[in-house]
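Let me put the model on the screen, and then we can walk through it together.

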Amino acid sequence: MIPTLFRIDERNDEFEGTFTLRLCAPTGNRPAAFSPGQFNMLYAFGTGEVPISMSGSLDDDDAYVHTIRCQGLATRTIERLNKGDVIGVRGPFGRGWPLDTIAGKEVLIIAGGLGLAPLRPVIYQLLNGHHGARRVRLFYGARRPRELLYYREFERWADAIDITVTVDHADHVDRAWKGRVGVITEPLEAARISSAGTIAFLCGPEVMMRFCIHTLLKKGLPESAIYLSMERNMKCATGLCGHCQWGPNFVCKDGPVFCYGSVRSWFNLRAL
Amino acid sequence: MKGMAQLLHEHPFFAGMQEKHLDFIAGCGENHIYNTGEYIARENEPADHFFLIRDGQVAVECFVPNYGALCLQTLHNGDIFGWSWLFPPYMWTFDARAEDEVHAIRLDGKCLREKCEADPAMGYELMKRFARIVTQRLRATRMQLMDVYSLQWPPLDRGQ
Amino acid sequence: MQKFLLQADDLDVLIQVIAREGHRLIGPTLRDGAIVYDDIHSVSDLPRDWTDDQEKGRYRLRKRGDGAYFGYAAGPHSWKQFLQLPRRPVWRAERDANGVQIIAIEEMAPRLAFMGVRSCELHAIAIQDRVFLEGPFRNDDYDKRRQPLLLIAVNCTAPAATCFCTSMNTGPEVTLPADLTMTEVMDGDAHYFLIDAGTGRGEHILKQLPLTPAQARQQALAQKSIQHAAEQMEQGPRSFDSSDVKDLLYRNYESPEWELVADRCLSCANCTMACPTCFCSTVEDTTDLTGENAERWERWDSCFTADFSYITGGAVRADTRSRYRQWMTHKLATWHDQFDSSGCVGCGRCIAWCPVGIDLTEELLRIREMENQ
């Protein structure tokens, strides 16, 4: 499967080392539709591919939007690209969030750091009144105020979504920060969460998800109502190369979104 | 206007506490409003109170000479602040500052200390509640220490 | 029961017919002190009269003295190298004033024929078929090599001490479909093959061979030698009941045995390279010195390498304990959930080719013992 060439139509720097690209198919073709939580493999010329989830709206169906953090050779190469440059795209791959199961429920969106990116398409869907959720709450934890993703959009989201934002640290650079300081489990712990009719979507560092799941279970949320997005080494993205195996699961095709109830035993095994 | 005992009753910190104990504790409490920027506690000053936050945001801070106040954590509606009144030498270890208008119930630590000594059953009930808060804060602090959203993690397999 | 008889002296006729049918014939041949799989042009390329002694970390050839063509067990090679190439170009990309172009590299797939495929190896090919062809995505390169493949299976009558196909229910008798299935029989001065076709293509080849009908006695002799091979393995120390192995391993992710085996394991990846079902691969992206031409190559990879489980910041399986556990548990347990069968066919290659002599059947036994302690 060879990548299709897309053109960078828009580039936004979110904060140092993290940026968002809007990618258009060069011939003006519509890219294949995706579901929130799915990912593409992005190819930087000569340096390799990286799995990056879609972070844009389903309504923006002319393009894929990806938020990327610089952390390896391929992402650093992509980081040097500008509007008009070309990038290879394979996808969409994987299973996304179970949006068809949220009608009438309260949705808890719990994101940490860059983990908000694969959840933003969900937020856009819910803002547009799709899927019939009864209520939506967003709990978002980030490292520090200047590393809050999509922060400029929060005000608009707040019309329809209860948003709780907290940062782990606020230092001198973020002196103007007037919000919460502390880890994400604290507001989650304090929140009133009904154990019935609630569904939680989690994405963030595995440790952060572990502690949040612990808090949710303590509040009586059933394992079957908790969904999380896993990170493993996706290389082929088609279940053929074996790299992203996680117990019996191939994260690239069985995930990246899993129901906690079905993967609990794997989630709690170390170095799996 | 709700009575103090009723307010305490509704606060998660006192959930399940016996009426008679709550009535007593209510006798040690008073409503207090702190203005934005006002210090609720200052490091190294006598810790005679603890606070149930009913509304507003409190910053737990440490003053750093060449920097100023560094916020370590914020506390909110439903949280409590202050356990230094329980342990000698009864001095605050951090600053606490109202970040907006803070409505709090201020409880007289000295009065409670004496009551706890005299009534170990109540003392134990109270101590259990504080112990839970302290473990929660410790867990949160440990998570903060891990800095989970950082990229600066040394790989496990280097240098082996 | 195989119906026809091909004299050993006529084996070359079969080889030539296969070549004439337009196949590139791959079969066993002697090289570097081992029986490996490579191009076969005539019967003289076959390892006639050679067999192997195998044990943990040991593989030695020796003469049989009876002139058998297929009197050996699984060697260092498996057939997978011809179906899922160890290294192959996937695409190339060019960058010039007009932009970037990515061009798939489509290599012509030879029409392969494999001669001397054992039952365990047929199972291994069937397992890789399930991996590469039956998921939501297909491996097209594998597919185009696999489709025209002609399979000439040979019943195993010479298992090595490392073999345990009877425990994995994959042999020694060929039960999966093959184009042709043969059994080699040494009967006093007589030396012949019982042969039968399992497909139309096989029939077509059979028609071109100097065959005679097999007699009941000859059929019985063939059966007896397969039976003897089975008994040899069943009575050997590596025979075990594999029916509960998946559950055993699922229960024992934290067995202390993983620590112990990790003390010996070198994480060298030999077992995964020798294994006929291990399918993991990776890709390498490179550019030339101008930076204008890039290539992507696919190559075999192993779950024993440090990079294999790399995610942001480091490897998930950072130590040998977790890597050996991944390999063995995948092979024998999670494979069932992924592909509805075990990933192990009992060929014993991982045992013979482990430089420190780690034996998968022994590890299973120890895990079981430790669980009961």
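So, how many Å separate the centres of domain 1 of chain C and domain 2 of chain C, taken over C-alpha atoms? The separation is 25 Å. Before I go on, a word on what we are looking at: this is a predicted model, where local features need pLDDT of at least 70, side-chain atom pairs count only at pLDDT 80 or more, and totals for chains, interfaces and linings use all residues. Residues are numbered from 1 along each chain as its sequence is written, with chains lettered from A and ligands numbered from 1 in the order in which they are written.

Back to chain C. Domain 1 covers 4-234 and domain 2 covers 245-372, with bounds that come from an automatic or database domain assignment. Their contact takes 38 residues from domain 1 of chain C and 33 residues from domain 2 of chain C; here, two residues are in contact if their C-beta atoms, placed from the backbone, lie within 7 Å. On the domain 1 side, strand 6 of chain C provides the largest share, 10 residues. Helices (H or I, at least four residues) and strands (E, at least two) are DSSP runs, numbered from the N terminus.

Next, the contact between chains. Chain C puts in 37 residues and chain A 26 residues. On the chain C side, strand 13 of chain C gives the most, with six residues. Among the other elements that supply at least two residues each are strand 6 (87-96) and helix 11 (320-339) of chain C.

Now over to chain A and its strand 12, residues 226-229. Are its faces covered or open? Both are covered: Ile226(A) and Leu228(A) on one side, and Tyr227(A) and Ser229(A) on the other, are all buried, that is, 20 or more other C-beta atoms lie within 10 Å of their own, with C-beta atoms placed from the backbone. In a regular strand the side chains alternate between the two faces of the sheet.

Strand 12 of chain A runs parallel to strand 11 (residues 198-203) of chain A, joined by three bridges; strands pair if DSSP finds at least two bridges between them. Ala200(A) has Ile226(A) as its bridge partner. Strand 12 of chain A also pairs with strand 15 (residues 257-259) of chain A, in the antiparallel sense over three bridges, and there Leu228(A) stands opposite Phe258(A).

That's my tour, so over to you!

Technical notes
Buried ≥ 20, exposed ≤ 12 C-beta atoms within 10 Å, placed from the backbone.
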